[in-house]
Structure formats: C-alpha cells, structure tokens
Amino acid sequence: MKAFVRNAEMKDYEAVVNIMAQVQEMHVKWRPDIYKTNEKMIPADKFAGLLKEGTFFVAEADGIVVGIMGIALRHIENPSHVTRNVIFIDSMAVDEKYRGRGIGHLFFEKSKQIKEERHYDAVELQVNAKNKAAYEMYVKCGFREKSINMELI
C-alpha cells in the first residue's frame, strides 16, 4: 500500500465524515457521559470553509481516503506566555481498516513540513486519556506531554 497526504477536496466529504464517525464512536464507548453518537461530525459548509483555508488534509491509498487531519494555525501572545506560533492538530483519524500502517506518521510528517515552511515554533495536539494506542504513537513520533486536563464530576 502506497499512501500519501494531500489537501482535502469537497469530493472527500463523505469519506471524511465516515472516518470521523468511527473515532467519535470510540470516544462514545470510552466516555458516554461526555460524548454522543454523531454521524455528521462536520457540516458540509464548515468542511468547505476548512478547504478554503487549506487546513484540512486527507491520506489517500489506492485511490481511497484512509485518514484525515485538520489543523489550526494559532498565534499565542499574552502576558503570561512567550509569543509563539503553533500548529494545533484539531483532528486526526485513520480508517479502522488502515490503522497501524503508518498513516499517522505521514500526517506528522505533513505537519512538520508545514511547521518548517511557515517558520512555526511547534506542533501540538490533545489525546483522549483512554486512547493509549494513539498516545504511544505520538510519543514514538517525538511528542511529549505539555499539560494534563483533569475533571471533577
């Protein structure tokens, strides 16, 4: 399987929605007190806006969309932090049939490429505490913990 990352296009919408729904179901299973089933995680008009911004990508293999990544370009400037520009990975998911085949690594390479091209300071993301497989992959790719979100219910 030869996969590559490219900018998403409107023709990818249904595949994107399907992959996002798979990940949402994992979240629902882990935390039904917070997450709910939602088969249209991203409305078509919002997706179209992300396409115009150039901040949504797909991984394609053999003509099939097998993964998605959405990023946000953040400028951080306030009295308590060093001024920085950060690429934040808002969403990243791989179709369940293609997990463990290096698709996530392709997305990280793409995010690092964007970081270098734009002279940004870092790439950041959040991971669900129950998603051990993703956490381990992120650590293997060089990510390290920056903060930990906690809750009191």
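Q: Which residue in β3 stands opposite F56?
A: G70 does. Keep in mind that this is a predicted model.

Q: How do β2 and β3 pair, parallel or antiparallel?
A: β2 and β3 are antiparallel, with 6 bridges. They form a hairpin, and 2 residues sit between them.

Q: Is D62 buried or exposed?
A: D62 is exposed, at a relative accessible area of 62%.

Q: Which loop holds H119?
A: H119 is in the loop between α3 and β5. Its phi is positive too, about 60°, and H119 is not a glycine.

Q: Buried or exposed, that H119?
A: H119 is exposed, with 66% relative accessibility.

Q: Back to the strands. What is the order in the sheet?
A: The order is β1-β2-β3-β4-β5. The sheet is open and its pairing is mixed.

Q: Which strands are at the edges?
A: β1 (3-7) and β5 (122-125) are the edge strands. Each of them pairs on one side only.

Q: How much are neighbouring strands turned against each other?
A: On average by 30°, with direction ignored.

Q: What packs on the sheet?
A: Helix α3, residues 103-118, packs on the sheet. Helix α3 touches β1, β2, β3, β4 and β5. Its direction makes about 150° with that of β4.

Q: How many bridges join β1 and β2?
A: There are 5 bridges, in the antiparallel sense. In one of them, A3 has A61 in β2 as its partner.

Q: And how many between β3 and β4?
A: β3 and β4 have 11 bridges, also antiparallel. A hairpin joins these two strands through 2 residues. M69 has M92 in β4 as its bridge partner.

Q: Where do the side chains of a strand point?
A: In a regular strand they alternate between the two faces of the sheet.

Q: New topic. Which residues touch the most other members of the largest nonpolar core?
A: They are M69, I71, I89, M92, I103, F108 and Y138. That core has 22 residues.

Q: Which elements give two or more residues to this core?
A: β2, β3, β4, α3, β5 and α4 (132-140) do.

Q: What does I71 touch?
A: I71 touches T55, F57, I87, F88, I89, D90 and I114. That leaves out residues up to four places away in sequence.

Q: Are F47 and F56 buried or exposed?
A: F47 is buried, at 0% relative accessible area. F56 is buried at 2%.

Q: What about F108 and Y138, what sort of pair do they form?
A: F108 and Y138 are edge-to-face, 5.5 Å centre to centre, with 80° between the planes. F108 is in helix α3 and Y138 is in helix α4, so their pair ties together parts 30 residues apart in sequence. F108 counts as buried at 3% relative accessibility, and Y138 counts as buried at 10%.

Methods. Residues numbered from 1 in each chain as written. Predicted model: local features only at pLDDT ≥ 70, side-chain atom pairs only at ≥ 80, totals over all residues. Heavy atoms only, no water. Pairing = 2+ DSSP bridges. Helix = DSSP H or I, 4+ residues; strand = E, 2+ residues; numbered from the N terminus. Axes fitted to C-alpha atoms, helices over the stretch in contact; angles between N-to-C directions. Contact = heavy atoms within 4.5 Å. Core = buried A, V, L, I, M, F, W, Y, C linked by side-chain atoms within 4.5 Å. Buried < 20%, exposed > 50% of the residue type's maximum accessible area, 1.4 Å probe, protein only. Phe/Tyr/Trp six-rings, centres within 6.5 Å; stacked < 30°, edge-to-face > 60°.
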